[in-house]
Amino acid sequence: MSDLILHHYPTSPFAEKIRTVLGYKKLAWKSVIIPRVMPKPDVVALTGGYRRTPLLQIGADVYCDTALICDVLEHRQRTPSLYPQGSTGAVRIVAQWADSTLFWAAMGYSFNPTGAAYMFKDQSPEEAKAFAEDRAKMRGGGGRMYPGDATSAYKSYLRRIASMVDNQPFVMGQQASVADFSCYHALWFTKRIPPLAGILDATPSLAAWMGRMAAFGHGSMEEFDSAAAIALAAQSTPASLENNAFQDDHGIALGSKVTITAESFGLEPTEGELVAATRTRYTLRRSDPRAGTVHVHFPRIGYQLRAVKAA
Ligand SMILES: N[C@@H](CCC(=O)N[C@@H](CS)C(=O)NCC(=O)O)C(=O)O
């Protein structure tokens, strides 16, 4: 029985990134389906505030953000690698571009009036309104890309990705890498909206590459429920943090009470005790009435660490 638990929902692009990585690495995992919009009491029981999708849970350890989840899965299953030798810096940089710039252009295009009408066709006006309000709140007052601007940018980005896979099977070479999974999930979302998917046809090599990505599948999945996942966290002890070299870039000592908040989109802070801060990630210890003592892990990149001032 696998101890990897992915908290996600079917239509989430970032969740599709991780589902496809699980397929690439032929891993077995448990699937907990979470709500698309707040409230998410079972997610927050595990994270203490963070509400974005997906999360990876291993016992009493909760990993936030797909960049960190990719590192955790790589550690779990080294081959095939997400970070081919010789291009580890480049593949991470392309992945970061895809998870931000490409993703937001794809969303701006996909949520144009035609796309939105298709996506919400089977939902009540109240559900559609709740979704729009939830995402507007996540943006914290920042706007979404105007559909025309998003379309222009997306078309250019699609041509660029296509040119990368014209003469090689994967974005960065002969081997798949994290860059492929990060580029793929945004395009996967567009492909699921038939009235908009034609934008992918202008660049035929993309279709073949998307086929290669889809062929990785999703690994071997078993359904699980969120109450059982929380109970499992409560019965488990977080993994040891020994041998985690401390890197202090903030003047915040280990043991301090801190918050960690995403830099943008989903600004709910997670509060806890800083128990590790390595070169690449932070770990907070927190206690929850249902989940018990958990360690919540975040990547450094894309997150703000702040000390909680004594009242
Ligand atoms: N940088 C984050 C972005 C995650 C993200 O924005 N996920 C979207 C879903 S694809 C989200 O959280 N939407 C709101 C929600 O699910 O509550 C990551 O890589 O995990």
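**Aromatic contacts**

In the predicted model, Tyr50 counts as buried, with a relative accessibility of 4%, a value that falls under the 20% limit applied to buried residues. The structure holds 16 aromatic pairs. One of these is formed by Tyr50 and Phe298, whose ring centres are 5.7 Å apart and whose planes make an angle of 80 degrees, an edge-to-face arrangement. Tyr50 lies in the loop between helix H2 (41-47) and strand E3 (55-58), whereas Phe298 belongs to strand E9 (residues 292-299), so the pair ties together parts separated by 248 residues in sequence. Phe298 is likewise buried, at a relative accessible area of 1%.

A second contact involves Tyr109 and Tyr154, with ring centres 5.6 Å apart. The planes of Tyr109 and Tyr154 are at 45 degrees, so this pair is tilted; the assignment follows because angles under 30 degrees count as stacked and those over 60 as edge-to-face. Tyr109 is buried at 8% relative accessibility, and Tyr154 is buried at 0%.

Beyond these pairs, one aromatic cluster is made up of Phe14, Phe103, Trp104 and Phe265.

Arginine residues are also placed over aromatic rings. Arg92 lies over the face of Tyr83, at 4.0 Å from the ring centre. Arg212 lies over the face of Phe170, and here the distance from the ring centre is 6.0 Å.

Key: Residues are numbered from 1 along each chain as its sequence is written. This is a predicted model: local features need pLDDT of at least 70, side-chain atom pairs count only at pLDDT 80 or more; totals for chains, interfaces and linings use all residues. Side-chain values use heavy atoms; hydrogens and water are left out. Rings of Phe, Tyr and Trp (its six-membered ring) pair if their centres lie within 6.5 Å; planes under 30 degrees apart count as stacked, over 60 as edge-to-face and the rest as tilted. Helices (H or I, at least four residues) and strands (E, at least two) are DSSP runs, numbered from the N terminus. Buried means under 20% relative accessible area, exposed over 50%, partly exposed in between (1.4 Å probe, protein chains only). A charge sits over a ring if NZ of Lys or CZ of Arg is within 6 Å of the ring centre and within 35 degrees of the ring normal.
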